[in-house]
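Subject: Handing over a structure

Hello,

I am passing a structure on to you, with a short account of what turned up in it. Please open it alongside this note.

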Amino acid sequence: MSNLFSEIQIKMKNKSNSEVNRLTREAIATALVELLRKQDFEKITISSIVKLAGVSRTAYYNNYNSKDEILNDLIDNFIEEVNSGLKPYVDPVSGKTNNPKQFIFNLFEIVFNHRTLYATLINAGLSHQILKQLNDLMLKYSHAATKLEKYQVYLQSGALFNVFTLWIANGTKESCLEMTNIFTKLYSTFW
C-alpha cells in the first residue's frame, strides 16, 4: 500500500472541494493508522504520513495541523458513529434508553465493526485518548448538571471503555450478543 491516495484520486474528478477534502482526510487518517501498526506515534513523521497517503504537505496542512489532530479526528469519528448508531434508542428529552438491551447490542456491534482501529490504538498505547474523548462526548450528551451526575458519567464511560478494551484485547472472542448479555448482567448487579 505505497500510495493510499492514488486509489481515490480517480474518484476525485468532478468532485466538490468538500468531497476532495473528505477523501484527503480519509487518506491521511488511513496512513496514520497503517503507520501506527509499525511504529510508535512519537516516531511517525508528517513526511511518512503524506508519503503513504500520497498527498502533498500542502494538502496535509490544509486539513490538519498535527498528528494529534488526526488522532483526535479518528477517535471523534468513531465515537460520533457510536453516538449516531445509538440515537434511535435514546429518548431525546430524558436521555434515557427506551430499549436498553438493543442499545447495548448496537453499541457492541459498532465497536466490533471498528475493532481494528481500536486494537491499533490499544497496541500503540493510545487507548487513553479514546477514554478522554468518550468522557467528553458522554458529558456533552448526558445533561449532567450536578457533581454527582458528572461522576456517574465518568463511572459509566470508564466501565464501557474497560469492557471494550478487554474484549478487543482478547480478540473479540465473544459475540456481540454474548457481550450484551454479559454487560447487561454486570450492569444490573453493579447499579
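Below is what I found, starting with the overall picture.

This is a predicted model, in which local features need pLDDT of at least 70 and side-chain atom pairs count only at pLDDT 80 or more, while totals for chains, interfaces and linings use all residues. Residues are numbered from 1 along each chain as its sequence is written, and side-chain values use heavy atoms, with hydrogens and water left out.

The protein has ten helices and zero strands; these are DSSP runs numbered from the N terminus (helices are H or I, at least four residues; strands are E, at least two). Of its 191 residues, 39% count as buried, meaning under 20% relative accessible area, with exposed over 50% and partly exposed in between (1.4 Å probe, protein chains only).

Now to the salt bridges, each a side-chain nitrogen of Lys or Arg within 4 Å of a carboxyl oxygen of Asp or Glu. The count comes to five. In helix H8, Asp136 and Lys132 form one of them, at 3.0 Å from N to O; the two are four residues apart, about one helical turn. Asp136 is partly exposed at 38%, and so is Lys132 at 44%.

Lys67, in helix H5, is worth a look. Lys67 is buried yet has no salt bridge, and the nearest side chain of opposite charge, Asp68, is 6.9 Å away (Lys and Arg count as positive, Asp and Glu as negative; His and the chain ends are not counted). Beyond its neighbours within four places in sequence, Lys67 is in contact with residues including Leu32, Phe41 and Tyr60, where contact means heavy atoms within 4.5 Å.

Ser127 lies in helix H8 and is buried, with a relative accessible area of 16%. Leaving aside neighbours within four places in sequence, Ser127 is in contact with Leu121, Ile122 and Phe161.

I hope this helps you find your way around.

Best wishes
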